Amino acid sequence: MIAHLFHAPLGESETAVGVGTVGSSEAIMLAGLAFKRRWQNRRKAEGKPFDRPNIITGANVQVCWEKFARYFEVELKEVKLREGYYVMDPEQAVGMVDENTICVAAILGSTLNGEFEDVKRINDLLEKKNKETGWDTPIHVDAASGGFIAPFLYPELEWDFRLPWVKSINVSGHKYGLVYAGIGWCVWRNKEDLPDELIFHINYLGADQPTFTLNFSKGSSQVIAQYYQLIRHGFEGYRNIMENCHENAMVLKEGLERTGRFSIVSKDDGVPLVAFSLKDHSRHDEFEISDMLRRFGWIVPAYTMPPDAQHVTVLRVVIREEFSRTLAERLVLDIDKVMSQLDALPSSKLAPTPALLPAATLPTKTVVVANGHVKKTELETQKSVTDAWKKFVLAKKTNGVC
């Protein structure tokens, strides 16, 4: 089903092959191993050195790519980012390719801002370079987030096996595949793209069973759940869900723009998320907003961009199936409240952040009313409620392991 969704050539002469994993991290490790082994085999056959493989990625890749490179001794060559352009530049990426490059890794849905990298442009540039050099440098598409979005929202976008140099694709079932955590997939264009020497065959379970995995034993519940979701929702159902996620992302984006306080870093086309940063950093920063939003029950991460855009800090909200329009509107209201509260506090550029000070040193504006009762500020009231909830939750926690 997934191979068909990604337009794999499923004729009589070509058959896609794939594997279920615990997530895209394991899928990327397996895809990287397949690329490395195919490159080594080709180099051995040509009588050339095969001890210095490298892989080309953008600096915006998820940490699992760095793990693969370090664990399996592959040089990671990163294309640096720049302000305003937070994905891998195709020209720079293909320009870094050499005879030791096992593949170029393109991301369909950057973790940082949800943007799709231009896989077709990379394919076209590689087509030209491979013809000029005689190399056979392929593409892997890390579609962890976007693999279950692009086929439904952007069916005309060419990023998958419609492009001849795309040899494998990974996707996370537990992101927009609508399955609970613990399932990912890796699909190869055809059997020749996955060296058979990496596949082990066992028969002690009653029949021949091929296995290609790093995770060993795992349950089948996530596989069953993915199968159920695919047949339950069908193409129309997935498209309706993804369209709804995109519409809610636009509601959040437009609400943030109306405040006049933020610049939107994410794109309208891509993973349904909203990444944004402050226009004015003279008094407060994104990390303070993230910290203050926790008091309203929101966990909105703030982080800096990778090199060479590390001076840019953003906040990110990912819109999933359960994130409704009502929640999007409520988040905008709460962000507006947080900004008003931060405006009332001393600038963090002049003094330690009040949110990080001990409770005893927090600025107070309490008012004594009749009968000696103390009326707390709204900020103090919120903090006392948060503290009470923390004590309640900690009291309920057990010391044992479930």
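**Strands, sheet and pockets**

Author: In this predicted model, strand β5 (residues 139-142) and strand β6 (residues 166-172) pair in the parallel sense over four bridges.

Reader: What makes β5 and β6 a pair?

Author: Two strands pair if there are at least two bridges between them, and β5 and β6 have four bridges, so they count as a pair. Within this pairing, V141 stands opposite I169 in β6.

Reader: How do you know that β4 and β5 pair as well?

Author: The reasoning is again that at least two bridges are needed: four bridges join strand β4 (residues 101-107) to β5, and these strands run parallel. Here A105 stands opposite H140 in β5. Between the two strands the chain passes through helix α5 (residues 119-133), and this β-α-β crossover is right-handed.

Reader: Why is this crossover from β4 to β5 called right-handed?

Author: The word applies if, with the strands pointing away from the viewer, the path from the first strand over the helix to the second runs clockwise; the path from β4 through α5 to β5 is classed as right-handed, which means that it runs clockwise in that view.

Reader: Which way do the residues of β5 point, and what makes them buried?

Author: I139 and V141 point one way from β5, whereas H140 and D142 point the other way, and all are buried. Because buried means under 20% relative accessible area, each of these residues falls under that cut-off.

Reader: What makes β1 and β3 edge strands?

Author: Seven strands form an open sheet in the order β1-β7-β6-β5-β4-β2-β3, with mixed pairing. In it, β1 and β3 (75-79) stand at the edges, and each has a single partner strand, so one side of each is left without a neighbour in the sheet. Direction ignored, neighbouring strands of this sheet are turned by 20 degrees against each other on average.

Reader: Which residues are closest to the centre of the largest pocket, and what makes a residue part of its lining?

Author: The largest pocket has a volume of about 960 Å³. Of the 35 residues that line the largest pocket, G18, V19, G20, P210 and T211 are the closest to its centre; as lining residues, they each have an atom within 4 Å of a point of the pocket. β1 gives the most to this lining, with five residues.

Reader: How is the lining of the largest pocket divided by class?

Author: The lining of the largest pocket has 20 nonpolar, twelve polar and three charged residues.

Technical notes:
Residues numbered from 1 in each chain as written. Predicted model: local features only at pLDDT ≥ 70, side-chain atom pairs only at ≥ 80, totals over all residues. Heavy atoms only, no water. 1 Å grid on protein atoms, 1.4 Å probe; cavity = no way out; pocket = protein on both sides within 12 Å on 5 of 7 lines; lining within 4 Å. Points joined across faces, edges and corners; volume = space filled by probe spheres on them. Nonpolar A, V, L, I, M, F, W, Y, C, P; charged D, E, K, R; others polar. Axes fitted to C-alpha atoms, helices over the stretch in contact; angles between N-to-C directions. Buried < 20%, exposed > 50% of the residue type's maximum accessible area, 1.4 Å probe, protein only.
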